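I would like to walk through one chain, giving the criterion for each term as we come to it.

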Amino acid sequence: MGRRADRALAKVDAALANTEGVVVLVAHGHFLRVLTARWLGLPPSKGALFQLATGTLCRLGTEHGRPVIAAWNVRPRRSLRMGAPTTSQWAERREGARRDTTADRRAAACVIDAADPVTGRLRGTETQLAALVKRGLAFRHPRPPHDHFLTPAGHRIRESPPDVVEPAPAVAPATTTSASGVFAARIGGEDASDTAPAARTREVHSAWQGLLELRRMTNPDGSVERPCGWERTHLVQAAALALEAAGHRPAVRDATGQESAGYKVRVTPQPEAVAVRDPDGEALRACAGTLERAGWQVSEHKEPRTGASYLLASPRRT
C-alpha cells in the first residue's frame with residue numbers, strides 16, 4: 001500500500017505541475033492514512049497514527065518548503081448554508097478568469113524578467129508575487145524581511161526565450177521532458193528523446209543551478225552543500241537531477257523497446273531513501289560518488305535473489 005501511495009503522490013506532483021488549482025483525492029480511509037504518512041516522509045505503518053473520520057475532508061500542503069497537514073477531519077458544510085454560487089455565477093466567474101489569464105501571465109513574465117540575475121530576488125505587488133508563488137515560480141523566504149525569490153522553475157522561465165511564458169513545474173524538475181514541453185530530470189527507463197544534446201545540457205544546468213539557489217535560500221545556514229526540504233519530499237526527482245547534472249547517462253528505451261545501460265532511480269519502502277541501479281558496477285560507484293558530493297548519504301547493497309548491486313541514497317540533514 002505504501003508503494004501505491006507513492007505512485008499516487010507522483011501523479012499528484014505531475015498534475016500540479018500543469019495546473020494552478022488543487023488535486024482532489026477520494027479513496028478508502030486506510031489508504032488515505034498511509035498516503036498522509038508518505039506525504040510527510042514517514043513509513044507507511046505510521047498511517048495508523050492518523051485517525052480519519054468517515055465523510056470528512058483533509059488537506060495536505062507545504063509550509064516553508066516542508067510537507068504539512070493543513071487541515072484534518074473537517075466536516076463539509078452544506079452548500080446552501082455556505083451560500084454557494086449559482087450556476088450563472090460560476091459561469092460569470094469562469095468567464096472573468098479567462099479574461100484575466102492573458103494579462104496575469106504578461107504581468108508575471110514582467111516580474112520574472114526583472115528578477116535579480118544572481119539571487120533571483122523579485123520585486124512586485126503582493127498580488128503579483130502571490131500569483132507566482134501559487135504557480136510554483138517563486139517562494140517567500142521564511143526569514144524577515146520575507147522577500148520573494150525565484151524557484152528553479154522560475155529561473156528556467158527567466159532564461160527561456162521571451163515568447164515562452166507558460167508556467168513550469170511547481171518545484172524543481174521530476175522525470176523527463178514531457179509531451180507538454182515541461183522540463184524534468186531523467187530517472188532512467190524513459191523513451192529516447194529527440195531533444196538536442198546541447199539544449200538538454202543547458203536545461204539540466206539551469207535546473208541544477210536553480211536547485212542550488214533553493215538550497216541557499218531555504219537551508220537555515222544558507223548551505224548549498226546539504227539538500228533542502230524540497231529534495232527530501234521529492235527524493236527520486238532530486239537524486240536524478242544530481243546524477244544527470246553530473247553527466248551520468250540514464251537508461252533509455254529505443255523504438256524497439258530495447259533498453260540501454262544506464263542509471264535508474266526508484267522509490268523504496270524506506271523513508272527518505274531512493275534506490276539507484278546500474279548494471280555497470282563502475283558506473284554505479286561513480287553515481288555513488290556524485291550523490292555523496294551532492295550531499296547524500298550512500299551505501300551499497302546486493303539484491304538477495306540476483307546478487308545485483310544497487311545503492312541506497314538519503315539526503316543528509318547535517
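Let me begin with a criterion: a charge sits over a ring if NZ of Lys or CZ of Arg is within 6 Å of the ring centre and within 35 degrees of the ring normal. By that rule, the charged end of Arg 277 sits over the ring of Tyr 310, at 4.9 Å from its centre.

Before going further, please keep in mind that this is a predicted model, in which local features need pLDDT of at least 70 and side-chain atom pairs count only at pLDDT 80 or more, while totals for chains, interfaces and linings use all residues. Residues are numbered from 1 along each chain as its sequence is written, and side-chain values use heavy atoms, with hydrogens and water left out.

The chain has nine helices and 10 strands, where helices (H or I, at least four residues) and strands (E, at least two) are DSSP runs numbered from the N terminus. Of its 318 residues, 39% count as buried, and here buried means under 20% relative accessible area, exposed over 50%, and partly exposed in between, with a 1.4 Å probe and protein chains only. Taking contact as heavy atoms within 4.5 Å, residues 24 or more positions apart account for 48% of the chain's contacts with a separation of 6 or more.

Now to the interior. A nonpolar core is a set of buried Ala, Val, Leu, Ile, Met, Phe, Trp, Tyr and Cys residues joined through side-chain atoms within 4.5 Å. Which members touch the most others in the largest nonpolar core? Of its 34 residues, they are Val 265, Val 274, Val 276, Leu 291 and Trp 296. Several elements each supply at least two residues of this core, among them helix 6, strand 8 (274-277) and helix 9 (281-293), but the largest share, eight residues, comes from helix 8. If we leave aside neighbours within four places in sequence, Leu 291 is in contact with residues including Ala 239, Ala 242, Trp 296 and Ala 313. Another core lies apart from this one, with 12 residues, among them Ala 108 and Leu 150.

Next, the aromatic pairs, of which the structure holds two. Rings of Phe, Tyr and Trp (its six-membered ring) pair if their centres lie within 6.5 Å, with planes under 30 degrees apart counted as stacked, over 60 as edge-to-face and the rest as tilted. Phe 50 and Trp 72 have ring centres 5.8 Å apart and planes at 55 degrees, so this pair is tilted. Because Phe 50 lies in the loop between helix 2 (29-39) and strand 1 (57-63) and Trp 72 in strand 2 (residues 66-74), the pair ties together parts that are 22 residues apart in sequence. Phe 50 is buried at 14% relative accessible area, whereas Trp 72, at 23%, counts as partly exposed.

Finally, two backbone entries. Asn 73, in strand 2, has a positive phi of about 55 degrees although it is not a glycine, and Asn 73 is partly exposed at 26%. Glu 272, also not a glycine, has a positive phi near 55 degrees; Glu 272 is found in the loop between strand 7 (264-267) and strand 8, and is buried at 18%.
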